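Thanks for making the time, everyone. I would like to walk you through one model this morning, so please have a look at it before I go on.

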Amino acid sequence: METVLVTGGTGMIGKVLTEALIERGFNVIILTRNINDQQKTKNDKLSYAVWDVEKQILDKIAFAKADYIIHLAGANFAEKRWSEKVKKEIVSSRVDSAKLIIESLKTIPNKVKVVISASGISWYGHDKEVAKPFTENDPPAQDFLAQTCQQWEAAIEPASFLGKRLIKFRFGPVLSPDGGAYVEFKNPIKFGVAGIIGNGKQIISWIHIDDLVRAILFSMENEQMEGVYNAVSPEPVSNKRMILEIARNTRKFFIPIHGPSFALKIVFGEMINEILKSTTVSSAKLQQAGFIFQYPDLRSAILQLSHQKNSPV
Ligand SMILES: NC(=O)c1ccc[n+]([C@@H]2O[C@H](COP(=O)([O-])OP(=O)(O)OC[C@H]3O[C@@H](n4cnc5c(N)ncnc54)[C@H](OP(=O)(O)O)[C@@H]3O)[C@@H](O)[C@H]2O)c1
């Protein structure tokens, strides 16, 4: 059976992806910075190998076993305020890790046929005045996260020159019961407060975690797929619409409150530009490749999330 090497496999997306890969019969090796005791006891289709991005070293034996590489690793950019040190880690954990993968493809005898890399719709920046969904052909914006995505994609690009089928997914905010935007939005609602951010008009091009994982699996099997694909649902919505939809599915009574932008700026610093940003992104290319969304609209996605603790794909 084929083997998939997953970087960032211990993260929110990686865990669900790993489960889905194993369910489909793949062996999975998670490339991680640390192996803990709990991980050592997992099932025989799952194993762990270590890499050190700073030192540019990884487990060569594990690498040589891989038929597919899925690169998800990257320091979380919503956890800490963006000091220069944090920004450096955000970039290097993605870019230097991608460079290590490329260097390993060049120097370690391997049988890798497909490389799939995460990127983000932060590539596009803020909607233009005449809102037209961004497509994969749009150039990167100039802000920090857009430039990070640009460097990330450029760093993994040489995989295609090495004869590997390369797919770069620009993920939108992933709605999952295990963390990220859905949980952040839902937490205050549990206490009866639906916290709309700023004026609530900013567009969020979200995707349900199950669809994201299904899109990755789909791209592994679909040999026509190559290059960049937006991984967003066909129904981007405003922040207000999303908060109210989550609220309605969480409790009977709640009070909608707008968090004023100036107060949010004090709390979040430079990161607030991301939170207040409107990014309308097209899913057309992924759909044209034949991918069918299980949760194409917000209502079905939130309904499913509100009924699931953690959903099997
Ligand atoms: N979740 C979203 O809404 C979203 C949206 C757009 C793009 N993305 C991108 O998709 C990828 C996966 O997202 P996620 O939500 O699953 O992320 P996550 O839960 O934060 O997990 C990321 C993983 O990256 C590894 N990592 C963290 N810091 C690192 C560092 N300094 N150097 C090397 N590896 C490091 C960790 O693995 P180990 O601890 O095992 O090393 C961690 O489990 C990320 O690159 C993220 O930017 C996510």
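I will take the sheet, then a pair of helices, and then the ligand.

Please keep in mind that this is a predicted model, in which local features need pLDDT of at least 70 and side-chain atom pairs count only at pLDDT 80 or more, while totals for chains, interfaces and linings use all residues. Residues are numbered from 1 along each chain as its sequence is written.

Eight strands form an open sheet of mixed pairing, in the order 4-3-2-1-5-6-7-12, where strands are DSSP runs (E, at least two residues) and helices are runs of H or I with at least four, both numbered from the N terminus, and two strands pair if DSSP finds at least two bridges between them. At the edges, pairing on one side only, are strand 4 (57–58) and strand 12 (227–231). Strand 6 runs parallel to strand 7 (residues 165–171) over seven bridges, and Ser-119 has Arg-170 in strand 7 as its bridge partner.

Turning to the helices, Ile-13, Val-16, Leu-17 and Ala-20 of helix 1 meet residues of helix 8 that include Ile-209 and Leu-212, contact being C-beta atoms, placed from the backbone, within 7 Å. By class, this contact of helix 1 with helix 8 has nine nonpolar, no polar and no charged residues, with Ala, Val, Leu, Ile, Met, Phe, Trp, Tyr, Cys and Pro counted as nonpolar, Asp, Glu, Lys and Arg as charged, and the others, Gly among them, as polar.

Finally, the shell around the ligand draws at least two residues from each of helix 1 (12–23), helix 4 (84–107) and strand 6 (114–120), and it divides into 10 nonpolar, 11 polar and two charged residues.

Terms used:
Contact = placed C-beta atoms within 7 Å.
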